[in-house]
Amino acid sequence: MSNSNLSRRAVIGGVLATGAAMTSMSWAAPLHAQGLGLSSILGKASDSALDKLARPGAFYGDEDVRIGLPFIGRSSGLLGSLFGGVSRLGLLDGFIRTLNSAAGTAAGEAKPIFRTAIDDLSFSDVPAIARNNDGGTRYLRQSSNDALHGKLDPLVDSALGDLGAHSQLESLNRKYSWLAAAGLDRRGLTNTVTDQGLDGIFTYLGREEAAFRKNPLGNVGGILGEIF
């Protein structure tokens, strides 16, 4: 093989290698930027969602996220009928309002928990996240739900105690034998309020994420404008 042929091959190889490297860099940069943009949006969305839910009466006032007792409206048979009847009569309304207030109190203290979870996300599936208006919220729940539940639980338990929900439950269990028979104790109460409270937070977070995507603020808007 002639030296000229070898030279041409070397030049072609160099061009191809350079092109591959540039292609790799061109994909890596926007993916990294997408991760930064989505993280910023999620952080702002979580702060906004938690601020809204921390307002007095927010959980109770929104039927989409209102905290309820187990079985009320969710079970058939005698137990479900008893709970449903009591709910309609308003005998437990004050107690249920207290549960919702506790969820709101916990939401107001949960910003650092959600910010840390968002900062720890790897955004390994950025294209799928970017396609959905609430893609980041879905990804956060999929990746961090159990960890967030574990950190929100003590906040809820503390709020329930401070607002008197635990003592209310003990009084109600003594007053209504059928309520005691349902087996709802302090641990079960904290768990169900945490479960439903987390559902509500993610509902609001998804709404806020979609809103921020439509009208991104500050530098985040510039990043997303370049990407999409």
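**View 1. Glu208 pairs up with Lys52 in a salt bridge, their closest N and O atoms sitting 2.7 Å apart.** This is a predicted model. Glu208 belongs to helix α10 and Lys52 to helix α1 (residues 3-53), so the contact ties together parts 156 residues apart in sequence. Glu208 counts as buried, at 10% relative accessibility, while Lys52 is partly exposed at 29%.

**View 2. Asp199 and Arg141 meet through their side chains in a salt bridge, 2.6 Å from N to O.** Here helix α10 brings Asp199 and helix α7 brings Arg141, linking distant parts of the chain that are 58 residues apart. Both partners are partly exposed: Asp199 has a relative accessible area of 36%, and Arg141 comes in at 29%.

**View 3. Arg186 forms a salt bridge with Asp157, with 3.0 Å between the closest N and O atoms.** Once again it's α10 and α7: Arg186 lies in the former and Asp157 in the latter, so the pair ties together parts 29 residues apart in sequence. Arg186 is partly exposed at 48%; Asp157, at 19%, is buried, since the cut-off for that label is under 20%.

**View 4. Asp62, Asp64 and Arg207 join up in a network of salt bridges.** For context, the structure holds 11 salt bridges.

Technical notes: Residues are numbered from 1 along each chain as its sequence is written. This is a predicted model: local features need pLDDT of at least 70, side-chain atom pairs count only at pLDDT 80 or more; totals for chains, interfaces and linings use all residues. Side-chain values use heavy atoms; hydrogens and water are left out. A salt bridge is a side-chain nitrogen of Lys or Arg within 4 Å of a carboxyl oxygen of Asp or Glu. Helices (H or I, at least four residues) and strands (E, at least two) are DSSP runs, numbered from the N terminus. Buried means under 20% relative accessible area, exposed over 50%, partly exposed in between (1.4 Å probe, protein chains only).
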